[in-house]
Amino acid sequence: MRWPKLLTIGLFNVCFAFAACSDGKTGETTPVGGAAGSTAASGGSGGSGRGTLVGLDGGPNATVGEDGFSAACEESTNAPPNNSGRLSVNIQLLLGNNPLVFGEKNAMADGDSYLPSNTRLFLSQIALMKQGVRTPVTLLNADNQPARYGVHLVNAGDIASLKFGIQAVPGTYDGLSFIVGISEACNTSSSPLKAPLDSASQMKWPHSAGYLFVLLGGTFEGSNSAMLPKNVHMGSPFGPARFAPKISVPGPVVIAENSTAIDLKISIDKLLKAAAMPTDLSDVSLLPGEEIVAGERLRRHLKEVEAFSFSAAQDP
Amino acid sequence: MFQNRLLAFVLMMGFPVACSSPAPDAPLTEIPLPAGFAETVAQIAPKDNSLTEARAQLGRRLFYDSRLSRDKSISCSSCHLQKNGFADPRPQSLGVEGRKGKRNAPHLANLAWVATGLFWDGRAKTLEEQAGKPIEDTLEMDLPMDQAVARLAADPKDVLEFQAAFGQGPNRDTLQKALASFMRTLVSANSRYDAYMAGDRSALDDAEQRGRELFLSSRTGCFHCHGEQTTTNDGFFNNGSHVEGGDPGLQALTGRTGDLGRFRVPNLRNVEVTAPYMHDGSLGTLQAVIEQYNKGGRGHPSTDPQIEVLNLSAQEQADLIAFLKSLTDHKFLTDPRFAAP
């Protein structure tokens, strides 16, 4: 009697595992996972299926993962002492060329309107780029303290979240990179996590399936209202952080000891368009739900739509 | 020998549950940690109102004290009944002189972890702030705070208790802090669903497990607002209950178009006994709730885009209700530590 239920739960989880391309490695795929607990790998990526759940371990001897970021889900992310530079990043959410006004009808280029009711995304694994080399930096929260888990939740309904800080070695860098999402370690944590990865983030999925990385919800009015998805849920329940798209935003980016600032634009209309782009999803078995399909489209097209940019060059 | 082994077996079977719920005579500050939360109540209590037994017990006494209403006819407990999960079985509560309130009184379990605002519209940011408002609300207890404080200050026993708890006598701040301290201790974590989440797969029967799967599926999307473990995401949503001309909810505070008809997502602890439901108490049964969601709400254009017609069968609706009933924590509903002293 129990096995059919376990099989159902297992199939639920299987259906979340999928192939994805990210990190500019087009064609790199990870097959749909098998039964829960199995791993699958293909190509050079060594991608995994459900793999092993990682709890809140880590600490001073935590394994360093990809790009120099911790392989564990560490709550505390203390900055090295020589990182005396500060950069304040102001986030501008845009719809077309205009600021997105959360909770109000926004005019779109085609004459329709969009009323955003929920606009959230995780940014993490922030790094500065210089001559092709990515150097992880310390993400700071609104209190100028290291952000928990090195994660920032952008929430259009919370003005305070439209700003974060970076602590790094002073200098001029070529650009900024981050992942739109969270690390695999945090995504698969078996223990409840604190904000911004608690249930109040509204980004948690059930069945230990991890988190949403991008959550868009809103209503459209107008003749083209059916063309864009009203709900977009982009997440990655299992698998490595590669499933969280890595974005590079060209600068220059100046870090100085007397804090500098830069404006990071996020084009919500481009995210919505990416979520509606025709996409061959035959290589993956997704759970039913238009929002999940839209989320997978978004993941696969996020880089090409170039939704992230700096508004103007900083003065070096 | 057999009886000893049988006794040991029976004791072992009861051990997990017994260990997870405080004894009837345990301190109020002995508080279980429900699934889904990373920090205990003691850890998240504000620094200026750290949780102590003295404060919680004082708050408990005040919770049942009718002197906090103008005509001394009602107390907090008049609208928050323990047997109903500290909710009110009436659609709207009745204040002094039978004055009818505007909304259904929310239940009080697990509010210690709320960070997004209390009341249906989130207008109180902390439990301390929330505690004072019903006392002064003219539709509820209708007693200005200075008069409430004066009544307490006139009683030497009260003064002593406040001094012991806060190092000072009764005033607005200490009165609100005491009530907030008691409310922080109202933690429900011993339902059969809790046992299931802790690993006891036999804690839910087949219908309840089917209901749980539906609850956590993309097909219903219940988990988007009522998360898997905490049963709330602490957000504000228009779940389809709004009707034209109805209570604007969060919009009354923010003025935003998109906040029309948005109300706080309550957790579903003890939902079996916290009827009626919704901000207006308009749905008297869980069946009515499921039916409203099943048809995609009441059709107002302000409804959240995640609310859609579900096309659930009668069996699926019954399974969902069975699962919701598994959230009932009978220990919480009868714990003498929460009852009138």
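Analyst: Helix α13(B) and helix α14(B) lie oblique to each other, because angles under 35 degrees count as roughly parallel, over 145 as roughly antiparallel, 65 to 115 as roughly perpendicular and the rest as oblique. In this predicted model, local features need pLDDT of at least 70 and side-chain atom pairs count only at pLDDT 80 or more, while totals for chains, interfaces and linings use all residues. Residues are numbered from 1 along each chain as its sequence is written, chains are lettered from A and ligands numbered from 1 in the order in which they are written, and side-chain values use heavy atoms, with hydrogens and water left out.

The angle between α13 (residues 286-294) and α14 (residues 314-325) of chain B is about 125 degrees, and their axes are 10 Å apart. Axes are lines fitted to C-alpha atoms, for helices over the stretch in contact, with angles from 0 to 180 degrees between N-to-C directions. Helices (H or I, at least four residues) and strands (E, at least two) are DSSP runs, numbered from the N terminus. The crossing of α13(B) past α14(B) is right-handed (the near helix is turned clockwise from the far one by less than a right angle). On the α13(B) side, B:Leu286, B:Gln287, B:Ile290, B:Glu291 and B:Asn294 are in contact (heavy atoms within 4.5 Å) with B:Gln317, B:Leu320, B:Ile321, B:Leu324 and B:Lys325 of α14(B). This contact of α13(B) with α14(B) comprises five nonpolar, three polar and two charged residues.

Helix α8(B) packs against two partners, α6(B) and α5(B). For α6 (residues 145-153) and α8 (residues 172-185) of chain B, the axes come within 9 Å and cross at roughly 80 degrees. α6(B) is therefore roughly perpendicular to α8(B). B:Met145, B:Ala148, B:Val149 and B:Leu152 of α6(B) meet B:Arg172, B:Leu175 and B:Gln176 of α8(B). By class, the contact of α6(B) with α8(B) has five nonpolar residues, one polar and one charged.

Helix α5 (residues 127-136) of chain B meets α8(B) at an angle of about 110 degrees, the axes being 8 Å apart. α5(B) and α8(B) are therefore also roughly perpendicular, and α5(B) passes α8(B) in a right-handed crossing. Residues in this contact include B:Leu127, B:Ala131 and B:Ile135 of α5(B), and B:Leu175, B:Leu179 and B:Met183 of α8(B). The contact of α5(B) with α8(B) has seven nonpolar, three polar and six charged residues.

Between the chains, 34 residues of chain A are in contact with 31 residues of chain B. Chain A and chain B bury about 2500 Å² between them, 51% of it on carbon and sulfur atoms; buried area is the accessible area (1.4 Å probe) that two parts lose on being put together, summed over both. Two salt bridges (a side-chain nitrogen of Lys or Arg within 4 Å of a carboxyl oxygen of Asp or Glu) are counted between chain A and chain B. One joins A:Lys230 and B:Glu308, with the closest N and O atoms 3.4 Å apart. This pair runs from the loop between β10 (212-221) and β11 (231-235) of chain A to the loop between α13 and α14 of chain B. B:Glu39 and A:Lys194 also meet in a salt bridge (3.9 Å, N to O).

Chain A also has backbone points to note. The peptide bond from A:Ala195 to A:Pro196 is cis, with omega near 10 degrees, and A:Pro196 lies in the loop between α2 (184-187) and β10 of chain A. Another cis peptide bond joins A:Gly251 and A:Pro252, with omega about 20 degrees; A:Pro252 is in strand β12 (residues 246-255) of chain A.

Note on methods. Ala, Val, Leu, Ile, Met, Phe, Trp, Tyr, Cys and Pro count as nonpolar, Asp, Glu, Lys and Arg as charged, and the others, Gly among them, as polar.
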